[in-house]
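This report describes selected side chains and their contacts. Please look over the structure below before reading on.

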Amino acid sequence: SYDTVSVSTYGCDAVIFLVFNEFSKDCKTAVNGHKYGGVNQGGMCETGEGKGYSVIVDQGYLDNVWTGPQIMAHHLLRMLIDDLPGDKTCPNKESLLHPSLYPGKQRVDDCAVAKLNQSKVSLRKCMQD
């Protein structure tokens with residue numbers, strides 16, 4: 001959270017830490033990578049409180065699909081609905097808010113849109129400028 005607070009005066013609505021898995025030098029030998037796609041702490045406009053950040057792990061390619069952009073979209077959506085109580089996931093496997101990653105097969109579905117419409121994060125001052 002120290003790094004997040006340190007940039008909060010620069011006008012950042014959120015802070016994203018992008019971490020890459022390490023891969024073997026020969027691109028064939030398996031290596032142990034991060035066991036998760038990332039974590040969120042807080043929502044947009046909370047950087048001054050040491051929140052409002054995501055640590056996102058680019059898992060590289062899975063089933064010939066680059067997972068980084070999809071993982072980032074998932075975590076940005078979660079930051080945009082952080083103010084909602086309860087579950088912040090969607091049951092449809094095709095939803096970007098589904099708890100599991102299905103490379104290249106997820107999108108902003110009706111459930112994600114409903115959660116975005118319920119959230120008041122977009123009304124926060126930093127999101128208005």
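Leu18 counts as partly exposed, at 43% relative accessibility. Here buried means under 20% relative accessible area, exposed over 50%, and partly exposed in between, with a 1.4 Å probe and protein chains only. The model is predicted, so local features need pLDDT of at least 70 and side-chain atom pairs count only at pLDDT 80 or more, while totals for chains, interfaces and linings use all residues. Residues are numbered from 1 along each chain as its sequence is written, and side-chain values use heavy atoms, with hydrogens and water left out.

Leu18 belongs to strand β1, residues 15–20. Strands (E, at least two residues) and helices (H or I, at least four) are DSSP runs numbered from the N terminus. Together with Ile16 and Phe20, Leu18 makes a nonpolar surface patch of about 270 Å². Such a patch joins nonpolar side chains (Val, Leu, Ile, Met, Phe, Trp, Tyr) within 5 Å, from residues with over 30% relative accessible area and no salt bridge.

His75, in helix α2 (residues 68–80), is buried, with a relative accessible area of 5%. Its side chain and that of Asn40 are joined by a polar contact of 2.4 Å. A polar contact is a pair of N or O atoms within 3.5 Å; within protein, one must be able to donate a hydrogen and the other to accept it, and residues adjacent in sequence count only if both atoms are side-chain atoms. Leaving aside residues up to four places away in sequence, His75 touches Gly37, Gly38, Val39, Asn40, Ser54 and Ile56, where contact means heavy atoms within 4.5 Å.

A salt bridge is a side-chain nitrogen of Lys or Arg within 4 Å of a carboxyl oxygen of Asp or Glu. The count by this rule is four. The table gives examples.

| Glu46 | Arg124 | 3.1 Å |

Glu46 is buried at 10%, whereas Arg124 is partly exposed at 21%. Lys51 is partly exposed at 28%, and Glu49 is exposed at 55%. A network of salt bridges links Glu46, Glu49, Lys51 and Arg124.

Terms used. Patch = residues over 30% accessible without salt bridge, like charges linked within 9 Å, V, L, I, M, F, W, Y side chains within 5 Å. Areas by Shrake-Rupley, 256 points an atom, 1.4 Å probe, with all protein chains shown as cover.
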